[in-house]
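Please look over the sequence and the three-dimensional structure shown below before reading the briefing.

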Protein chains: 4
Amino acid sequence: MILFILRGTDTSSLKEKLESSSASFKFLNLYGKQLALAYPDSEVEGIKDDSVELMVKTKKSYVLAGNEWKKDPTLVKVKDVEVGGNKVVVAAGPCAVESEEQTLTVARAVKRAGASLLRGGAYKPRTSPYSFQGLGEEGLKILRRASEETGLPVVSEILDARDRDAFVKFADMIQIGARNSQNFTLLREAGKMGKPVLLKRGLGNTVEELIQSAEYILMEGNGNVVLCERGIRTFEKSTRFTLDLGGMVAGKLMTHLPFCADPSHPAGKRELVHSLALASVAAGADMILIEVHPKPEVALSDSEQQLTPDSFQLLMERIKALASVLGRSA
Amino acid sequence: MILFILRGTDTSSLKEKLESSSASFKFLNLYGKQLALAYPDSEVEGIKDDSVELMVKTKKSYVLAGNEWKKDPTLVKVKDVEVGGNKVVVAAGPCAVESEEQTLTVARAVKRAGASLLRGGAYKPRTSPYSFQGLGEEGLKILRRASEETGLPVVSEILDARDRDAFVKFADMIQIGARNSQNFTLLREAGKMGKPVLLKRGLGNTVEELIQSAEYILMEGNGNVVLCERGIRTFEKSTRFTLDLGGMVAGKLMTHLPFCADPSHPAGKRELVHSLALASVAAGADMILIEVHPKPEVALSDSEQQLTPDSFQLLMERIKALASVLGRSA
Amino acid sequence: MILFILRGTDTSSLKEKLESSSASFKFLNLYGKQLALAYPDSEVEGIKDDSVELMVKTKKSYVLAGNEWKKDPTLVKVKDVEVGGNKVVVAAGPCAVESEEQTLTVARAVKRAGASLLRGGAYKPRTSPYSFQGLGEEGLKILRRASEETGLPVVSEILDARDRDAFVKFADMIQIGARNSQNFTLLREAGKMGKPVLLKRGLGNTVEELIQSAEYILMEGNGNVVLCERGIRTFEKSTRFTLDLGGMVAGKLMTHLPFCADPSHPAGKRELVHSLALASVAAGADMILIEVHPKPEVALSDSEQQLTPDSFQLLMERIKALASVLGRSA
Amino acid sequence: MILFILRGTDTSSLKEKLESSSASFKFLNLYGKQLALAYPDSEVEGIKDDSVELMVKTKKSYVLAGNEWKKDPTLVKVKDVEVGGNKVVVAAGPCAVESEEQTLTVARAVKRAGASLLRGGAYKPRTSPYSFQGLGEEGLKILRRASEETGLPVVSEILDARDRDAFVKFADMIQIGARNSQNFTLLREAGKMGKPVLLKRGLGNTVEELIQSAEYILMEGNGNVVLCERGIRTFEKSTRFTLDLGGMVAGKLMTHLPFCADPSHPAGKRELVHSLALASVAAGADMILIEVHPKPEVALSDSEQQLTPDSFQLLMERIKALASVLGRSA
């Protein structure tokens, strides 16, 4: 149950009533509204208080992330870049930050081609402990410098809540990766960091579970979440993962949060990235995540699927043309 | 091993050599070329004959359907409609033929909106024997009459090789459905019918297996096969099946045959069909299959996912706009 | 709706009533009962007739194969071998019949080790048209001779309804393979052949769909169906398919039909077959299907997963010991 | 590359050589052996040092967890309970610790029935933030008290590395849950805690990835890891997850670590738990995890799948009988 609080009223008597009930509750500000979230519904229905403007019952396993109480699509601001509006936002950059030179080269190239955000991995979650694990905080600093030069806000993945301070200082958008999509500890922390979050879908998670994971972030008062479809595990072997655009389209009917699509990881081969990126935009993605490397063949991770700067520039042109016939920009 | 036969030469000595080897072989005409298909490679390599212009070894589990020996994309002609060329071909019509009136209404509407082919089920494969099983041959005749009035060639699904004659007489393109995608008996029969074939991917089949199924048709000398991605079985529950556009894009690099996408079945809900159809075109589909019903809510099958004629018309407009920025028409 | 007919009464007035309703209906004898199957329920509820002893409404998408109307487990007799009773029935034999000698060698060995049925493929469904397609009718005759010598009834897979006569003549149990699990044409034919049927689950089919496929056979008045779990398609790569024993156990609560498990195909490697066979018995399988070849390494199909006769004999001993602590025999 | 160090030799010169190479390396003690782990192989091959007894190249994406260098199965000791030996170890207890009384009741019951370990969730990872999240540290203390009374060592799941101290103090075996199976931060921490670890397979992870996750723990010098198959995500809907016993059996050939099977979670319904538990033992599981609740119907989590104490006692008897014919005890 979501209780909308009348702006400026005293909630102390409501709080008392909730405390004396057996409901769990939490007061929070979200999207400019003062709310009380109380559950289960059965314990809250009978409560009346002058501070409550409206009580909205929700029928789903998620509440704040659902669109029953909030019909308008949420715009997530990453500095001055708006995700979820008319413009299809393209975030591009290397899979992993390998060096300042590599990162700056890519950052300049993707900026020139028209990208709006710079993505890059500083802490890398790798299936094998013997794979390159990323430059860590040094990688974040390199991204920061690239951001300062190009003006592109930075998206980077956090793996450990204890790296919080470095992310608050150096990143503009916090990415929660597929392998941590149900790491509820990390989700709560991301909610508290006060930065917009890019939340990826887990390899074995349904779209509904992705939205439920977002709920953990929203409950901390952070409504700036972009959901990201990045491919799921299926039996098909010609691609690395199966990009589930149907799930994304269905998901957009379930939530007010914007959706990003990552065509690079499911493709696994750069020959497939353009087609899947265009398909993602046509399906309605609000944001696209593309891996770009100055020399993909020598990349320390995901070398098969990163685009060259030239190929990325061509893709940006195609995305812009496509967006225009869909009534959007890019 | 594919042996290209020198046009007009006598192959009797080659045939003798193959017969005296322990190879299996078959002579066939495909795409205007006279070929001998002989395998395994190891038994054929040593054979030399004046009638053989070129021997092409193939490295894959399929030969004729692969693009190692045939680089140019195959154009499949369904009467005067060409699939695999510049134009994105849209086939539309009811899931099942229910009556002459229903079928004619839809046929006229989709023709008016710009569809190129009329699709409709006369024999319906239903998971439950208690579901509507289709009108059978009467359904094919209704489709024929609708075709005669509108000029749209007819695509319809065959379930039983014994219905061969009715399909040869009334249909223009034979559909092999997902549940028969590895019914090798039916595939061979379809190969012999001399009509273009629309071959759907099985719910649990890889793209490679789809191409191998096509090989059964090509081996009968019928090269007019369109492969169709229609969604696979995965754990995701917000859609009926998972449309695997990544698989389609990867498949296009593996074969010279054109690809169709069916967004209606994986969607399972008509709200999702437009987005998935546009995504399919953006991903490079050569043909799109859309279910349209004059009154979807009373349809005898798939009532949740069929579009109204109005919605289809809007979709056609969007597909045309999209195709134009991709350098294609629709 | 299932209508139980009072034994020996005249059903002509019931038939008239059904004909004048808008219900579909079918009279059939199944498990010694005279039944009328009529649907949809809403059209039948009001019908009353003296010949009707009892009307049973069913709540599922399948009726005859469900256990709402038939609580006792069905015993399927393959000649004198009973599947679904106390004894765990083991069917063993080569993946494909390759020669009389190979088949007889295996048949004698599996008989000696304690198998109850001889399995062997005469018509082989192969993903690639270039793989060995089986000996056809000659293979069936070889199986018949092996059966005559050993006394083991024969199970073999049918691919084409047109081979009906050969199967009626030479086989004792008709197998419908995974790739034809939703080939409704073939299911109906199998129902009409009057022989017990071993129905395999499709690679991409749910257990519920498997039971619905059985319904097609039962509707033809053939109640002797054994369902077979043989592994489904998942993302896991260390086995060929994923043996879904959970699905089998859940399925046993949904139907009165017995269940077979095939550990050979999902294993894909003979090292895994023993463990999966024992697990299948422990999970409650009524029948086990094991591939055995005199020299697996030179087998023309599935060479990786077939057991040697010695390994099979050891497995039989282990199965017998296991069955005994489960209160069964083998 | 694993370098076996000659016991008691000075490794300073080896360390120097590794430092001056471009290899990454780590010295560690594992299973009573002094090792140096150095990679990539190409940078290490040329190194020679008197302290090195043997260099073992490994061909897989995991090294320490693989059985190329360590052929004997690893025995994991949880206090005086040995997992991986002759005895099939049963861990049982409530899904979640709800109260001292509930936990003690279950602990006494499962002890009486013959369980060797007490399992119970104190910190609960829940898909929805509105579900019961567990009693936290208080839950661990309750488990400790139940352990003191019954003598059963305690297994409980950790969600956050910051709860380390409580787990070191109150738990005997640390569980990493399915949702954190690739939370590499948590895996490394678990490696450092010096307690045996029960590592569950992620819903969307392959068996190979599970073993790679174990590698993260072993690299910290903690070799006491039990891998746990608990069901994967597939399209099948009659069970909650698909228990992949084939994956477990294949996994046992890839690693020296013991395997646990959890039949409760994939079953999702208590009617299926017995059959799947028996199947797991027959397939070769070294440990079984069973959820038991005094009154499952009022449980705060997983109420559908927990067994009653009586049902658990019956299961223990069946497991013991089964283990005995497999040459094991339970």
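What follows is a short briefing on selected features of this structure.

This is a predicted model, in which local features need pLDDT of at least 70 and side-chain atom pairs count only at pLDDT 80 or more, while totals for chains, interfaces and linings use all residues. Residues are numbered from 1 along each chain as its sequence is written, chains are lettered from A and ligands numbered from 1 in the order in which they are written, and side-chain values use heavy atoms, with hydrogens and water left out.

**The barrel of chain C**

- In chain C, eight strands form a closed barrel in the order E7-E8-E9-E10-E11-E12-E13-E14, with parallel pairing; neighbouring strands of this sheet are turned by 25° against each other on average, direction ignored.
- Helices (H or I, at least four residues) and strands (E, at least two) are DSSP runs numbered from the N terminus, and two strands pair if DSSP finds at least two bridges between them.
- Strands of a sheet pair through backbone hydrogen bonds, either parallel or antiparallel.

**Leu18 of chain C**

- Leu18(C) is found in helix H1 (residues 12–20) of chain C, and it counts as buried because its relative accessibility is 1%, given that buried means under 20% relative accessible area, exposed over 50% and partly exposed in between (1.4 Å probe, protein chains only).
- Beyond its neighbours within four places in sequence, Leu18(C) is in contact with residues including Phe25(C), Phe27(C) and Val44(C); Leu18(C) and Val44(C) are 26 residues apart in sequence and 7.7 Å apart in space, C-alpha to C-alpha.

**Salt bridges**

- Over all chains, a search of the whole structure finds 88 salt bridges, each being a side-chain nitrogen of Lys or Arg within 4 Å of a carboxyl oxygen of Asp or Glu.
- Asp172(A) and Arg144(A) meet through their side chains in a salt bridge (3.3 Å, N to O), and this pair links distant parts of the chain, 28 residues apart, with Arg144(A) in helix H4 (residues 137–150) of chain A.
- Asp172(A) is buried, with a relative accessible area of 8%, and Arg144(A) also counts as buried, at 11%.
- In chain D, Asp160(D) forms a salt bridge with Arg162(D), the closest N and O atoms being 2.8 Å apart; Asp160(D) counts as buried at 14% relative accessibility, whereas Arg162(D) counts as partly exposed at 44%.

**Thr234 of chain B**

- Thr234(B) lies in the loop between strand E12 (225–229) and helix H8 (245–252) of chain B, and it is buried, with a relative accessible area of 11%.
- Not counting residues up to four places away in sequence, Thr234(B) touches Ile232(A), Thr234(A), Thr242(B) and Phe235(D).

How values were computed. Axes fitted to C-alpha atoms, helices over the stretch in contact; angles between N-to-C directions. Contact = heavy atoms within 4.5 Å.
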